[in-house]
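Hi everyone, thanks for making time this morning. Let me put the structure up, and then we'll walk through a helix contact and some aromatic rings.

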Amino acid sequence: MTTPLIASETGLAQQGGAGEAARPARRRTRWTWLGSRLGFYLFVTWVAVTLNFFIPRLMPGNPAQAIIQAMTQRNGQIPPPATVHSIQLLFGNPNKPLFSQYLGYLGQLAHGDLGLSVSKYPVPVIDVVRAALPWTLVLVGSSTVLAFVIGVGLGIVVGWRPGGRFDTVVTPLSTVVGVVPYFWVALLAVWVFAVQLGWAPVSGGYSVDTLPGLNLPFLASTLRYGLLPVATIVFSSFGGWVFGQRNMMVTTLSEDYVLLARAKGLPGWKVMLGYAARNAMLPSITNFALAIGGLVGGALLTEIVFSYPGMGFLLFEAVSARDYPTMQAVFLLITLAVLLANFVADSVYVLLDPRTRETR
C-alpha cells in the first residue's frame with residue numbers, strides 16, 4: 001500500500017508535468033538541503049555570539065565597575081589603583097578597544113572560558129552553569145516530555161471523534177487550563193500542597209540532610225522536591241498540545257488516504273494511529289523539538305517560585321546581583337540551544353516529508 005507521503009510525492013510529480021508551461025519541481029537531496037541549512041545556522045550562531053558580546057556592553061556600567069562599587073560600599077573607601085586594575089583585567093577593561101575585546105571574547109569562547117562569576121567570585125561561570133544545568137534538564141525535560149505525551153495522546157483521541165462526548169469535555173477544559181497564568185498555578189500549588197497539606201517541600205531542590213551524589217537517599221530527596229514543580233508545569237502546558245493535535249487530527253481526517261483506509265475496512269485503531277495520527281503529528285514533533293530548545297533557559301517562574309536550583313533561578317540571581325558574566329553565559333547557552341533545536345526540527349521535518357525539499 002502506498003503511504004500518504006509517497007502518494008503525495010506521486011501526485012506532485014504528476015501535477016508538475018500536467019501542462020507545457022508547468023515547470024517540474026526540482027528536488028534537492030536531503031544531504032544537500034541539510035548542508036545548506038547547516039551553513040545558515042552557523043551564520044546565525046555567529047550573529048548570536050556577536051550580539052551576545054555587544055548588547056551587555058551597551059548597557060550602563062560593567063562587571064568591573066559593579067565589583068568596585070560593591071567593595072567601596074563595603075569598605076567605605078575606594079580600592080587601591082592596583083586592585084582596580086586587577087579587577088578590570090579579570091572582568092574586561094572598558095578602555096580597551098572594542099574590536100580587541102571582541103577578538104578576546106571569541107578566543108575565550110573557543111577555549112570554553114566564560115569568565116568569572118561576579119556574585120560567586122572567584123568561581124568560574126562555567127562551574128556555576130555546570131552546577132545548575134542538570135537540575136533544569138531533569139525538571140523541564142521530564143515535564144516537557146510528560147506534557148507532550150499526555151497532550152498529544154489526548155489530542156489524537158479527541159480529534160478522532162470530533163464533537164463527541166469526550167471531545168466536548170476535554171477540549172474546553174484544556175483551553176481553560178492553557179490560559180490560566182502559570183505563576184498563579186504554582187503559588188496555589190505551594191499554598192495547598194506544601195503549606196496547608198504538607199505533602200511537598202516549600203522550596204529547594206533536595207534536603208540539606210542528604211549528601212549530594214548518586215545514592216538512594218539523595219535521589220529520593222530530589223524526586224520528592226521536584227514532584228510538585230513538574231506537576232505544575234505539566235498541568236499548565238499540556239492543554240496547548242491537546243488543542244494543537246486535536247485540530248490537526250480533524251484536518252487530517254478529511255484527507256483521501258484516511259478515507260481510503262476506512263473504505264478498505266481497516267480497524268479503527270490502525271487508521272487512527274497509522275494514517276491520521278502519523279501525519280497529524282508532524283507539526284507537534286516540530287514544536288516538541290523547539291520546546292526542547294527551551295530546556296537550557298529553564299522554567300524561570302517555576303524555579304523562582306520553588307527556589308529550584310536550575311538555570312532559571314541562576315539567571316534571576318545573576319540579574320539581581322548584576323552578575324554580567326553569568327547573565328551573558330546563560331543568554332548565550334539559551335540562544336545556542338534554541339538554534340540547535342531549530343536545526344534538529346528542520347532536519348526531522350525534511351526527513352519525514354520530502355515535499356519540503358522541493359524548489360522551483
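At roughly what angle do the axes of helix 6 and helix 14 cross? Keep in mind as we go that this is a predicted model. The axes of helix 6, residues 125–160, and helix 14, residues 311–320, cross at roughly 140° and come within 8 Å. An angle over 145° would count as roughly antiparallel, so at roughly 140° helix 6 is oblique to helix 14.

Who makes that contact? From helix 6 we have V128, V129, A132, L133 and T136, and from helix 14 there are M311, G312 and L314.

Now for the aromatics. Searching the whole structure turns up 9 aromatic pairs. Take F148 and W241: their ring centres are 5.1 Å apart and their planes sit at 90°, so this pair is edge-to-face. F148 belongs to helix 6 and W241 to helix 9, residues 216–252, so the pair ties together parts that are 93 residues apart in sequence. Are these two buried or exposed? Both F148 and W241 are buried.

Next, look at F193 and W199, an aromatic pair that is tilted, with 6.0 Å from centre to centre and 40° between the planes. Here F193 is partly exposed, at a relative accessible area of 34%, while W199 is exposed, at 59%.

One last stop: F53, Y102 and Y105 form one aromatic cluster.

Technical notes. Residues are numbered from 1 along each chain as its sequence is written. This is a predicted model: local features need pLDDT of at least 70, side-chain atom pairs count only at pLDDT 80 or more; totals for chains, interfaces and linings use all residues. Side-chain values use heavy atoms; hydrogens and water are left out. Axes are lines fitted to C-alpha atoms, for helices over the stretch in contact, and angles run from 0 to 180 degrees between N-to-C directions. Helices (H or I, at least four residues) and strands (E, at least two) are DSSP runs, numbered from the N terminus. Angles under 35 degrees count as roughly parallel, over 145 as roughly antiparallel, 65 to 115 as roughly perpendicular and the rest as oblique. Contact means heavy atoms within 4.5 Å. Rings of Phe, Tyr and Trp (its six-membered ring) pair if their centres lie within 6.5 Å; planes under 30 degrees apart count as stacked, over 60 as edge-to-face and the rest as tilted. Buried means under 20% relative accessible area, exposed over 50%, partly exposed in between (1.4 Å probe, protein chains only).
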